[in-house]
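Please examine the sequence and the coordinates below.

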Amino acid sequence: MIPNLFGITLITFILFNILVSDPATRFAGKYATAERVETIRAELGLDRSLPEQYLFYLKQIVTLDFGRSWATKQKITTMINDGFSATLCLTIPPFIASIIFSLGLAMFASYHRGSFFDKGVVVVCLALMSISSLVYILFLQNVLAFQWGLFPVSGWDPSWAGRWEYLVLPWIILFVLLLGTDILVYRSVILDEAYQDYVRTARAKGVSNWAVYTKHILKNALIPVITMVVIGMPFLITGSFLIESFFGIPGLGGMMLKALNESDFPVIKAMTVIISIAYMFFNLLADIVYSLVDPRIRLS
Amino acid sequence: MRMMCSKVHRILQRMMVTKGLALSIAASLVVFSLTSGCTKKVDDTDTTINIPLRANVKGLDPMHANDMYSSMVIQNIYEGLLEYHYLKRPYELKPALAEAMPTISADGLTYTFKIRKGVLFHDNPAFPDGKGREVTAEDFIYSWKRLADPRNASEGFWIFDGKIKGLNEWADAIKNKTGNFEDPIEGLQALDKYTLVIKLTQPYYQLQYVLAMPFAVVVPKEAVEKYGGEFINNPVGTGPFMLEKSSDWVRNSKITLKRNPNWRGETYPTEGEPGDKEAGLLEDAGKPLEIAEKLVFIELTEDQPRWQNFMKGNLEWVEIPNDNFDAAVKDDKLVPELAAKGMKLQVSNAIEVVYNAFNMRDPLLGKNKDLRRAFSLAMNIPLRIQRFYNGRAIPAQGPIPPGLDGYDPNFKNPWVQFDREKAKEYLAKAGFPEGKGLPEFTFETLADSKSRQITEFEVQNWAAIGIKVKISTNTWPQFQEKIKNGQAQLFGLAWGADYPDAQNFLQLFYSKNVSPGPNDSGYQNPEYDKLYEAALKLPPGKERTELYKKMRDILVEDMPWMFSLHRLNYRLTQGWLRNFKYNEMTYNIYKYVRVDPKKRAELKPKL
């Protein structure tokens with residue numbers, strides 16, 4: 001894990017220094033003078049040699065103190081804490097709901113494979129996937145919130161009691177966005193399993209269809225499902241930038257995108273490290289779950 | 001038998017699933033409509049003003065007030081010596097924390113200000129007993145030193161850079177570690193507790209304007225020392241509004257300012273411009289200002305939710321987004337459906353110029369005036385205004401926008417009048433008939449969809465006479481970098497006034513301001529420079545305006561820019577908003593504005 005992290009930080013550092021040359025000119029403002037630019041370069045630590053800057057970066061990771069944003073001068077750790085809470089509340093519920101619902105519906109559809117219902121599910125999912133997220137947001141915000149008044153148009157309440165009313169419509173949109181892909185992938189995974197020999201054997205032994213699906217197929221289908229879930233984990237942290245900006249939810253997605261647009265390197269560095277650590281953690285978790293689900297897999 | 005059971009089982013399962021689904025959807029809709037969607041009763045005593053912000057506030061430290069949105073909040077918390085008159089146009093200054101306008105010496109180099117007595121900083125734990133103390137002349141010196149201190153890298157130092165006696169030397173001493181912050185500066189002296197004297201190195205007729213900018217407001221030393229780097233989140237000013245506790249600022253969402261109970265007070269202006277009285281803007285003339293209980297800034301970066309929140313009465317005013325313009329305004333008047341809801345339309349002209357710049361260092365573009373003229377004549381500005389600005393702009397004839405000295409509404413720049421045939425003529429004169437032999441140019445633009453669409457339109461205009469232009473899209477930092485490094489061949493930008501003096505626009509062509517300064521086209525002309533330097537030494541008046549016009553003529557002739565347009569801002573206000581007149585130069589208008597809470601309680605539920 002540590003070598004991975006080292007590699008990621010090195011790549012981020014190199015890429016930023018190659019692709020984005022001098023931020024000091026920009027931060028000096030529209031009335032910059034050559035002298036001011038030099039002062040700012042020193043303030044930002046850019047007058048040090050590249051290896052020195054990289055070592056400083058590593059120190060920041062170890063102490064989890066990423067300093068202040070170049071663009072806003074806010075403490076990055078505070079920015080991340082503030083954004084984390086909002087983003088996780090936004091992304092986790094629809095993510096989990098989509099997994100459970102999609103898995104259930106995929107099982108049901110493959111149970112009735114070839115039927116009108118199954119074909120209908122495939123068509124609807126393809127349609128859902130073809131529509132851009134922006135269209136969902138614009139349409140559902142306009143109809144459900146603005147015209148019908150079922151939800152607030154936008155807003156955020158940082159208190160634990162107050163935030164839920166602002167999250168319901170974003171949850172619905174995220175859920176719908178995730179459904180299409182999830183159902184189709186899970187359905188194909190389950191169908192793959194359904195044609196395996198052990199299923200035929202189980203049926204021949206007289207196991208009921210219901211038990212075949214829940215006790216046999218589901219367990220085997222879980223491995224690719226877990227893999228897909230783990231791959232989707234970074235989404236939980238980066239959130240959905242569009243949803244955050246349309247609904248006024250102050251999450252990490254917006255923060256990350258603004259940092260990229262403004263070449264705010266300290267924030268980009270911090271977010272890269274956090275997402276990498278999270279991703280590695282979830283991979284590890286996935287490995288543990290694999291071993292629980294499939295007795296053939298042993299953790300080494 | 002078993003088959004029958006399994007079939008029945010299947011049917012039952014299906015029925016249960018469908019029933020379950022239907023029930024849960026119905027239940028959810030009921031729950032949601034009960035909890036969130038209902039019309040809440042509107043409090044008819046609530047004086048809160050809700051304002052939209054189109055981008056996120058970065059921080060509330062005045063020395064970093066470099067972006068518009070942070071400045072919008074800062075100028076309601078902090079005050080400076082001078083401010084703009086709320087209603088008068090052309091824009092005029094008046095005293096704020098100064099007792100009166102300054103006395104100026106005959107040579108124009110010494111300004112003496114008397115500070116108002118009894119002005120208090122906001123109550124804050126930074127002060128002993130938490131009580132805000134009185135503002136003195138020393139506080140202004142302290143605040144301005146912060147701008148000059150190189151360790152702060154303030155984006156606002158330019159307002160005093162090189163202009164105040166001893167200030168640059170003081171800053172250099174700090175940089176070289178040979179001096180201290182507390183060292184005195186010859187050009188900034190407090191003669192007594194309430195008298196401040198500024199001594200200049202040369203005449204600086206824009207000084208009073210910069211003193212009205214957010215950079216120049218007064219801050220208390222105690223708060224800066226107590227909060228250090230967190231002063232950006234713990235503002236302590238003297239203004240009519242204050243950030244009572246830090247949790248009132250929900251980052252990237254909302255800032256709630258509360259009324260400052262210790263504010264010095266002011267009366268509503270008694271004069272304005274023609275039309276103000278008819279618009280009801282002088283109803284409160286002479287009355288003491290009633291400050292709203294709360295001033296809430298709501299950050300919404302997207303047009304749709306901003307517009308929808310306004311339509312639901314959650315915002316007191318909104319700029320009309322392009323997509324909603326035709327539904328809101330017809331023949332330059334508000335549509336009857338919105339007027340019936342009590343809404344009003346307000347139009348103001350932005351003190352700015354939108355332009356396309358030539359890189360004058362480019363060996364081809366910089367040397368070939370006829371080629372530049374061909375570019376400019378080929379551009380159909382009226383169509384561009386129609387298509388991309390809903391007609392809400394005036395074609396620009398030069399760099400000086402309407403409302404400023406030096407702007408002449410009757411002046412017509414011959415090179416911006418769309419004429420394709422003439423453009424082809426000049427292209428041939430430039431040595432490239434029908435574009436033969438002309439290399440492909442690159443136009444740098446931003447990556448957002450509106451910028452790209454406008455650029456594509458422009459490229460088509462040029463292609464129609466044979467000039468080939470390639471579009472290069474950039475993020476803002478990349479864009480700035482290319483411009484500052486002189487790598488952008490052609491680019492489009494806008495310049496908004498820092499203060500209402502044409503010098504702020506004319507300085508963009510002064511040779512000493514080339515990159516990293518604001519002269520982005522890299523234009524250098526000694527004749528222009530002479531006129532510019534001469535104008536700097538003159539007070540506002542006929543003589544100076546003549547010089548401004550001469551400079552404009554040189555720029556029209558040399559054409560380092562293709563002047564495009566000056567935008568008009570169309571805003572809608574709610575029927576319950578009183579005294580609202582948008583001021584393009586300042587954001588500290590919310591002490592004058594008030595909400596009629598009974599009217600809001602009456603009109604809002606009907607929206």
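**Sheet, cores and interface**

In chain B, four strands form an open antiparallel sheet in the order β4-β5-β7-β6; strands (E, at least two residues) and helices (H or I, at least four) are DSSP runs numbered from the N terminus, and two strands pair if DSSP finds at least two bridges between them. Because β4 (103-104) and β6 (188-192) of chain B each have a single partner strand, they stand at the edges, and one side of each is left without a neighbour in the sheet. This is a predicted model, in which local features need pLDDT of at least 70 and side-chain atom pairs count only at pLDDT 80 or more, whereas totals for chains, interfaces and linings use all residues. Residues are numbered from 1 along each chain as its sequence is written, with chains lettered from A and ligands numbered from 1 in the order in which they are written.

β4(B) pairs with β5 (residues 110-114) of chain B in the antiparallel sense over two bridges. Ile104(B) has Tyr111(B) of β5(B) as its bridge partner.

Ile77(B) and Ala374(B) touch the most other members of the largest nonpolar core, which has 155 residues. A nonpolar core is a set of buried Ala, Val, Leu, Ile, Met, Phe, Trp, Tyr and Cys residues joined through C-beta atoms within 7 Å, buried meaning 20 or more other C-beta atoms within 10 Å of a residue's own, with C-beta atoms placed from the backbone. Strand β21 (residues 561-573) of chain B gives the largest share of this core, six residues.

Between the chains, 38 residues of chain B are in contact with 46 residues of chain A (C-beta atoms, placed from the backbone, within 7 Å). The largest share of chain B's side, six residues, comes from α1(B).

Technical notes:
Two residues are in contact if their C-beta atoms, placed from the backbone, lie within 7 Å. A residue is buried if 20 or more other C-beta atoms lie within 10 Å of its own, exposed if 12 or fewer, and partly exposed in between; C-beta atoms are placed from the backbone.
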